[in-house]
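Let me put the sequence and the model up on the screen, and then I'll talk you through a few parts.

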Amino acid sequence: MNLRRLFAIALRQFYLLRGSAARFLPLFAWVTIDMVLWGFMTKYLNSVTGSRYQFVPALLGAVLFWDLMSRVMQGVTTAFFEDVWSRNFLNVFASPITTQEYIGGLLVSSIGTSLVGLVFMVLVATLAFGLSFAVYGFLAIPFVLVLFLFGLALGIAGSAIVLRLGPAAEWFVWPIPALLSPFAAVYYPLTTLPEWMRWIARLLPPSYVFEGMRAIVAGRAFHATVLFGACALALVYVLLAYWFFASVFRYAVKTGLIARYSAESVS
Amino acid sequence: MAGQPPSNPVLVVQELRKHYGSLQAVKGIDFQVCPGEVVGLLGLNGAGKTTTISMILGVLEPTSGSIHINGIDLARHRSRALAQTNFAAVYAPLPGNLTVYQNLHVFSLLYGVRNFAQRAEALLEQFDLARFRNTKCGVLSSGEQTRVGLAKAMLNRPCVLLLDEPTASIDPASARDIRHTIRTFVRESGVGVLWTSHNMYEVEEVCDRVLFLSHGDIILEGDPKALPGQHGLRTLEELFIRVAREPWEWEAQ
C-alpha cells in the first residue's frame, strides 16, 4: 500500500472542507442541534422522574455515541460522494491508486472529520448538560472503537451501493443509521424488543455498546469481554464491507461503469 | 518518425477485444506507439475509440488481449503500469471545487510525483496558468480547464499520454497553442501519445501516424499526410468521410 496515494484522497477532503463553509459547518451544526435537543429532553425527564434514573449519561450519552457512529459513516460516504458529485471517478481510477488505498483515504478522511465532531459533541454535552465520561470509565474507549469500526463498515458498504447503482442511490444510504437504530437498542434496553428484533440486534455491534452503557449507569455488572466480541464483530463487518466494495469495483471495471460514471450520467 | 532508428514501443496493444454480450465494441486490434510518436485514433462516434482508451487506462477490463505500458503488463501490474501513463479528456474535467494548485497537488500524490512544487511551477508557467493558481477549476473557461487537464496529464512525465479530443470545445487560437505545447512536450520528453480527434486538420498537423477504427476494428493505418494521396483523395477529411460512409470497402482490403 502506497501511503502517499492514500494521503491524496484525505488531502483532497481537507482542501474541500477548508475551502467551503457549506462542508465545514455541518461538522458542528447537526451535532450541536442533537446535543441541545436531547440535553433539554434529559433535563426534563430528570425533573419529572425525580432523578431516580440518570438520564444524562444513559440517554444523552447514547445520543452522542449514536451520532458519532452516524458521523463516521457519513464521513466515509461524503468523501466518496465528492467523487460522484464532481464526476471524478475516471481521473481517480485511471491513476495508479488501488481500491485499498482509495478506501484507506476515505477512512482517514472520515476519522478526521468524526473526531472533530466528537470533540465538539463532548464539549457541548459536558459544559451545557453536565455529561461526564467518568461514568463510563475506561470502557468509553472500546465503546468508541466499536462504533467507529461499525460506522466505517456502513460507510464503505454505502459507497459500494452508490458505485453499483449510480448517484441516485445516495438516498438509500443516508437513512441507514435511522433504519438500524431501532434494532441497535440505542434508547431502550434490548429486553424491550420482541424476540425476532433481538436476534437482529445481536448481530449489530452497537447494541452491545448501548447495553453496556445502560448497565454501567444503572450500576449493574457488565463484562468488558462482551466488548471484545463486539469489536471483533465490527471488524468482520469492516472486512465484509471492503470485500463488497472491491467486488462492486471489479464489476464496474468489467462493465465499463467507472468510465461511464464520468462520461455520462448514470441512473 | 521517418528516418529515426526504431525504438522499443511504450505502448503495445495485442489482440484487444471488448464484448458487451453479443455486441463487439473492439474486435481484436493490434497497434503500438513508439517514444516521441503521436498516433491518431480516428473513427466515427461509436467506432470504439473511447472504449480502447478506457481499456488502456485500466478503467475497463478487456474481454481478451493484452496491453503493455512501457513493458509492464497492465492486467498483472495495474498500479505500476498506470504510473507510467496519464490522460486528458474533454469529458473528464478535474474537480471544479478545488483550485488549480490543489488539483495538481492531489494528482501529484496519486501519480507519485517527486519535487511537486518545482514541477507545478513549471507546468503553471508552460500552460499559462500561474494567474489561476488559486482559482477553483469550476469557474475557469473551457480552454483554461483544458489547459489544467493537460497540466495534470503531464505532471508525472508519463511514457504514454492518452488525449481524448483534447481541443474539443475550445477556440482555434487556444487549440493551436495547446497543440504547440503538446508537440513541444513530446519532442522534449519522448512521450508516446495516443490522440483522438474529429478535427482532421489538427490530426494532419499533429500526428505522425493514424489508425482508422470502424466498428471496433482498425481498417486503415498510415501517415496522415500521405494517406489521402495514396487513395486518390486530397485531404484527410475526405478520406475520413469515405471510410465512414463505405467502411466495408476498406474492411475488405
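This is a predicted model: local features need pLDDT of at least 70, side-chain atom pairs count only at pLDDT 80 or more; totals for chains, interfaces and linings use all residues.

Residues are numbered from 1 along each chain as its sequence is written, and chains are lettered from A and ligands numbered from 1 in the order in which they are written.

OK, the two chains. In chain A, 25 residues are in contact with 24 residues of chain B; contact here is C-beta atoms, placed from the backbone, within 7 Å. On the chain A side, H1, helix H5 (89–93), helix H12 (225–255) and helix H13 (257–263) each supply at least two residues. Helices are DSSP runs (H or I, at least four residues), numbered from the N terminus. H1(A) has the largest share of that side, 8 residues. Sorted by class, this side has 14 nonpolar, 7 polar and 4 charged residues. Nonpolar covers Ala, Val, Leu, Ile, Met, Phe, Trp, Tyr, Cys and Pro; charged is Asp, Glu, Lys and Arg; the others, Gly among them, are polar.

Now chain B. Its assignment, automatic or from a database, gives domain 1 (11–84 + 159–252) and domain 2 (95–157). Their C-alpha centres lie 25 Å apart. Between them, 11 residues of domain 1 are in contact with 13 of domain 2, and helix H6 (residues 172–189) of chain B gives the most to the domain 1 side, with 5 residues.

Have a look at helix H3 (residues 100–110) of chain B: 11 of its 11 residues are buried, meaning 20 or more other C-beta atoms within 10 Å of a residue's own. What do they pack against? Helix H1 (3–18) of chain A, plus helix H4 (116–126) and helix H5 (142–154) of chain B. After H3(B) comes Gly112(B), with a positive phi near 65°.

Last, the largest nonpolar core, which has 164 residues; Val146(A), Leu147(A), Ala153(A), Ile156(A) and Ile258(A) touch the most other members. A core is a set of buried Ala, Val, Leu, Ile, Met, Phe, Trp, Tyr and Cys residues joined through C-beta atoms within 7 Å. Helix H4 (residues 55–85) of chain A gives the most, with 16 residues. Both domains of chain B give residues too, so the core lies between them.

Notes
A residue is buried if 20 or more other C-beta atoms lie within 10 Å of its own, exposed if 12 or fewer, and partly exposed in between; C-beta atoms are placed from the backbone. Two residues are in contact if their C-beta atoms, placed from the backbone, lie within 7 Å.
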